[in-house]
Amino acid sequence: MIEYIFKLIITFTLIVISCNSFAQKIKKEKREIQEIKLIFKDFTNNNNILQINKELDGTLILPTHFKNYKNYFKEFDKNGGALLNFTPSKIHKLIKSDCVYLNYVTLNDSNLLFIEKSWFPNNKVKTLTDSARKLYKHYSQDFMKPIFFRNYKRCFIAFYYSDNLYSYFLKKKNKHWVYDRVYKIVAVD
Amino acid sequence: MIKQFKTILFIGALLLTFMSSCKKEIVMEAPNESQTVSNELKTLVTKVRAWRDSLVSNKTIGSSENNIKSLSLSQNDIVPPVIDWDKAFKNFDTIGKKGISVPLSYDPISGNYLQFVTSLVKNKITGFIVRTLPDSAYHKIHRNRYDFSNFSGTIIVYDITGKYLNQVNFKKGDAIKANNNSTNKWGQIKIFEEEVLPEVVVIGHRKRSTSYLLIFLNNIKGVPNQEFDPNFDGGGVPVGGIDDGLLEIINEITDPCLKYLVNNLQNSDKLNNAIGAIMQSVFGKSAKLNLTFKQDNNLIGKKTLRAAYGESQQLSDINFEIRLNAKKLSEFSQERQTLTIMHEILHNYFFNAYGIINEPNGHTRMLNDYIEEMASSLENLFPNLKDHHDVTIALCFDNLWSSAGPEKEFEIDPFEFNNAISKYNSLGVNLNNWKSLAMDAKWNNSLKDGDSPLGTASDCIYK
């Protein structure tokens, strides 16, 4: 009887813990999406740091998804990932724990994040598949998934097209994302 | 039974502890690196602000010991703008000498810069309002308002209430006495040659300086004589600073021919060579920006994997790098190689000048605004091209042609490219056959198949 009660308690505890962890994961993803929406809001109106193409009526042209870093290393920076190897730096305001986290995420990220129309006010966004973007070469930049760190106070964003890479750090100021500093920009001729 | 229960309980407790420790997400708050520097700056600002407020409210100026009253404004006096203390930055951090400066106003067109400068030595504060007014010719070249190397122009000093005290005119770095044009030893740019200054991180500005402009107080009318201190630990107004002994352009190219071409551009006459001037003025004379040239004979596109001639990288807000493929460039004449170097310098200049703005993209900007600068700079370095201006321009178009294409984020719209050629045609420079014109100076004549009569051969050949 006691054994039965105990098994019941254990099972119940495990269910609670797994629910909790699952809820936490969803909460984290939800938070990331909230922050990504805020980045789009803060950077596509006045300061188009993401160099997003717009139609005349302001409709944004975006790929269907953010690329993961596995794609990035497969398609770009093939030389051993030299460009995105984060090391502690005063210039970039990166401390060791930031670098450990950023390197871990960039090396292990294999999930695509799909861009949803509902993220944008009035759904003013047009998403183009990779094949459509190849057809219309105007929209060739690939966005990588933003990486948030320091408790969502800093963010690393990057995008590339052809042999060019643009990457920046953003920071949170007064509940808005603002441009912080360049990480690396590469232009090959 | 009890024993079994105890074991199960123990395992259960262990499992619970393990699970509860696993589920926590630890969020580490990173320490703020600039906190210490920021606090120090705040302390300095508080001190200076209190000092300034006490003097201004008492209507006293200069040394409080002499209690000189600020009287009504004369013709040369100014009404000082309201000081925005948030803009304060630590101007210099020499050993034992600290001070803050606060920008008051700046006109980028004339270079007229008004600032509130102070120095603190042994808790004694001195401060002035200083106007820097460069000559137009000087300002045209020296866009960095803190760069006083070979300064030509006027520096006017006011007390903290805006009362005119004195002015010093400079010509090529030498102070000239107002009335007789003879150079005077006071007010000259003092160079701290041997002194090692610690590098400091300050809000808004990062200074690394071994020289600065200093006007001695005992030569400023209206301020009582103060002891001249040969160690410069006070008694002067630090107006700005720049390290003119250290060039921030590092040439790590190993190929002697290519290295020579980079040096040639770096040492070009700034007045006649616009691209050389950009290189020297933007990167060479700024303690804030570093440009490094590196050689990479295996340079390839990151995605396309095509062999590339050059690559520009902005590695941070202050560090820039140009990588050149000496092997691939050796196909070209010296003129055409130099154009590639200019092309990469312009990329880095745009990174710095336009930051995140990429409309128009760098190549289109080169086409629309820098063709003439590239051409005249090239002719300055290679006078053999001066009588063949059409060839020079065609060579510039040749340099940009590979950057024309449909990808509007980084390529030149071919329609715009053809428009630019038509523009030259309408101006009387016949570029209908620009490709064959460019061939006249494009290839390296040291090569077997090199056939460019106007091009200068390069002796460094790779097989």
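Reply:
**Salt bridges**

A network of salt bridges links A:Lys67, A:Glu75, A:Asp142 and B:Lys303. The model is predicted. Over all chains, the count comes to 18 salt bridges.

Now take A:Asp180. The side chain of A:Asp180 forms a salt bridge with A:Arg154. Their closest N and O atoms are 3.0 Å apart. This pair links distant parts of chain A. A:Arg154 lies in strand S8, residues 154-161. A:Asp180 lies in strand S10, residues 176-188.

Burial can be checked in the same way. A:Asp180 has a relative accessible area of 12%. Buried means under 20%, so A:Asp180 is buried. A:Lys171 has 32% relative accessibility. That value lies between 20% and 50%, so A:Lys171 counts as partly exposed.

B:Asp398 and B:Arg336 meet through their side chains in a salt bridge, at 2.8 Å from N to O. B:Asp398 lies in helix H9, residues 389-401, and B:Arg336 in helix H7, residues 334-354, so the pair ties together parts of chain B that are 62 residues apart in sequence. B:Asp398 and B:Arg336 are both buried.

Definitions and conventions. Residues numbered from 1 in each chain as written. Chains lettered and ligands numbered in written order. Predicted model: local features only at pLDDT ≥ 70, side-chain atom pairs only at ≥ 80, totals over all residues. Heavy atoms only, no water. Salt bridge = Lys/Arg side-chain N within 4 Å of Asp/Glu carboxyl O. Helix = DSSP H or I, 4+ residues; strand = E, 2+ residues; numbered from the N terminus. Buried < 20%, exposed > 50% of the residue type's maximum accessible area, 1.4 Å probe, protein only.
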